[in-house]
Amino acid sequence: MNISRKEQIKLLSNMKDEDIDFSDIPETDAEFWADAKIDYPNKKSLKSFVRKLN
């Protein structure tokens, strides 16, 4: 399938959670996430990314 990023985003945003096949992804537990850290993008990078999507 050769579709644009914009079309991919539209398709994914319309997809229901129950339509996503998670069967090949192992479940995670608290130990897996124990050392996880949230790394927020800086505002300049985020604005640039959003502009590219539009």
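Q: Before the surface numbers, what do accessible areas come from here?
A: They come from the Shrake-Rupley method with a 1.4 Å probe. Keep in mind that this is a predicted model.

Q: What about overall dimensions?
A: The C-alpha trace spans about 40 × 30 × 20 Å along its principal axes. The radius of gyration is 16 Å, whereas a compact globule of 54 residues would be near 10 Å.

Q: Switching to secondary structure. How many helices and strands?
A: Three helices and zero strands. Along the sequence the pattern reads α-α-α.

Q: Back to the surface. Which residues form the nonpolar patch?
A: Leu12, Met15, Ile20, Phe22 and Ile25. Together they have about 480 Å² of accessible area.

Q: Where does Leu12 lie?
A: In helix H1, which covers residues 5-14.

Q: Why does Leu12 count as exposed?
A: Its relative accessibility is 57%. Exposed means over 50%, so Leu12 qualifies.

Q: Last topic, charges. How many positive and negative side chains?
A: The protein chain has 10 positive and 11 negative ones.

Q: How far apart are the centres of the two sets?
A: The two centres lie 21 Å apart.

Note on methods: Residues are numbered from 1 along each chain as its sequence is written. This is a predicted model: local features need pLDDT of at least 70, side-chain atom pairs count only at pLDDT 80 or more; totals for chains, interfaces and linings use all residues. Side-chain values use heavy atoms; hydrogens and water are left out. Patches are made of residues with over 30% relative accessible area and no salt bridge: like charges are joined within 9 Å, nonpolar side chains (Val, Leu, Ile, Met, Phe, Trp, Tyr) within 5 Å. A salt bridge is a side-chain nitrogen of Lys or Arg within 4 Å of a carboxyl oxygen of Asp or Glu. Helices (H or I, at least four residues) and strands (E, at least two) are DSSP runs, numbered from the N terminus. Buried means under 20% relative accessible area, exposed over 50%, partly exposed in between (1.4 Å probe, protein chains only). The radius of gyration is taken over C-alpha atoms; the globule rule is 2.2 Å times the number of residues to the power 0.38. Lys and Arg count as positive and Asp and Glu as negative; His and the chain ends are not counted. The place of a charge is taken as NZ of Lys, CZ of Arg, CG of Asp or CD of Glu.
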